[in-house]
Amino acid sequence: MGAPVRLVLLGVRGSTPAPGPEFVRYGGHTSCVAVALDGQMPSLILDAGTGIRGLTPLLGGRPFSGAIVLGHLHWDHTQGLPFCSAVDNPDARVDLWIPAQGDAEEVLSRGMSPPHFPITPAQLRGTWRFGGLDEGIHEVGGFEVLAREIPHKGGRTFGYRVTDGRSSFAYLSDHCPTNLGPGPSGLGELHAAALELAEGCDLLIHDAQYLDEELAQRANFGHAVAGYAVELAEAASVPSVLLYHHDPPRTDDAIDALVARYEGASVEVEGARQGSVVDLTKPTAA
Ligand SMILES: [Zn+2]
Ligand SMILES: [Zn+2]
């Protein structure tokens with residue numbers, strides 16, 4: 001019985017940061033989750049939105065050593081990278097992975113180089129390796145990571161399933177299942193990749209950018225509605241779902257109200273909250 005897999009939610013917002021008093025309880029930083037194993041320092045970081053700045057205090061000022069895995073390259077998943085002193089650090093050792101699409105460093109530098117930004121990825125301090133992940137199972141940051149391509153909008157996007165062999169969670173931060181059809185309830189297709197990623201996990205962290213009733217007018221924005229996240233958890237026998245990638249204008253009170261809709265659901269539903277720590281303690285079936 002080792003210590004559990006520990007997740008620290010460093011950024012839970014979608015699209016762009018949401019500062020202000022109406023957003024303090026759930027938090028305004030964009031996507032980033034730190035994952036640690038057996039009581040160690042985090043060795044795997046999912047996405048590098050502005051939330052990755054929280055990695056520096058989490059590490060107590062020490063440099064990061066491990067892997068950063070991006071689900072895709074949109075601003076809200078990359079723009080924290082040069083502002084995190086734990087990774088932009090002479091003593092940092094970072095393997096940065098993106099969904100395979102040509103030279104990873106070159107692709108990343110398209111959004112991070114003058115005139116868009118003062119420095120390039122190669123100018124980040126420390127020892128960096130940039131690489132592309134194909135679909136399939138990889139050993140990354142001390143974990144086994146399954147990568148599957150999922151529909152989003154504007155660039156190759158992966159969802160991930162992360163396991164230490166005992167516990168597992170699925171991370172689908174940006175997912176537009178209606179691209180593949182309406183699915184059983186009209187909220188989006190319960191397609192094979194999403195089901196494979198989530199099946200039997202202890203926890204599902206899923207895009208819930210929109211309310212179900214917003215789907216009609218936002219169907220082209222590349223995201224999921226909260227009801228789909230709950231439906232996927234139910235279909236994949238996941239006991240607990242974190243609604244993630246909150247719409248920037250969604251206030252704390254509005255997220256509370258959204259979560260309250262699922263009080264009677266057959267799975268536990270919570271709103272992902274910046275700064276919260278989630279320990280996966282339930283062993284997965286063999
Ligand atoms: Zn996003
Ligand atoms: Zn995106």
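**Entry 1: zinc ion (ligand 2)**

I looked up the geometry in this predicted model: the 4 donor atoms around the zinc ion (ligand 2) subtend angles of 88 to 173°, which makes the arrangement irregular. Four donors count as tetrahedral if all angles lie between 85 and 135 degrees; four count as square planar and six as octahedral if opposite donors are over 155 degrees apart and all others between 65 and 115; anything else is irregular. I identified the protein donors as His72 (NE2), His74 (ND1), His152 (NE2) and Asp174 (OD), at 2.1 to 2.6 Å. Donors are N, O and S atoms within 2.8 Å of the metal (3.2 Å for Na, K and Ca), and water is not among the atoms, so sites may look incomplete.

I then noted that the zinc ion (ligand 1) lies 3.4 Å from the zinc ion (ligand 2), with Asp174 coordinating both. His152 sits in the loop between strands E8 and E9, and Asp174 in the loop between strand E10 and helix H3, so the pair ties together parts 22 residues apart in sequence. I found both His152 and Asp174 buried (under 20% relative accessible area, 1.4 Å probe, protein chains only).

**Entry 2: strands**

I traced E5 (residues 93-99), which is joined in parallel to E4 (residues 65-69) by 5 bridges and to E6 (residues 127-133) by 7 bridges. Pairing requires at least two DSSP bridges; strands (E, at least two residues) and helices (H or I, at least four) are DSSP runs, numbered from the N terminus.

**Conventions**

Residues are numbered from 1 along each chain as its sequence is written, with chains lettered from A and ligands numbered from 1 in the order in which they are written. Local features need pLDDT of at least 70 and side-chain atom pairs pLDDT 80 or more, while totals for chains, interfaces and linings use all residues; side-chain values use heavy atoms, without hydrogens and water.

Terms used: Buried means under 20% relative accessible area, exposed over 50%, partly exposed in between (1.4 Å probe, protein chains only).
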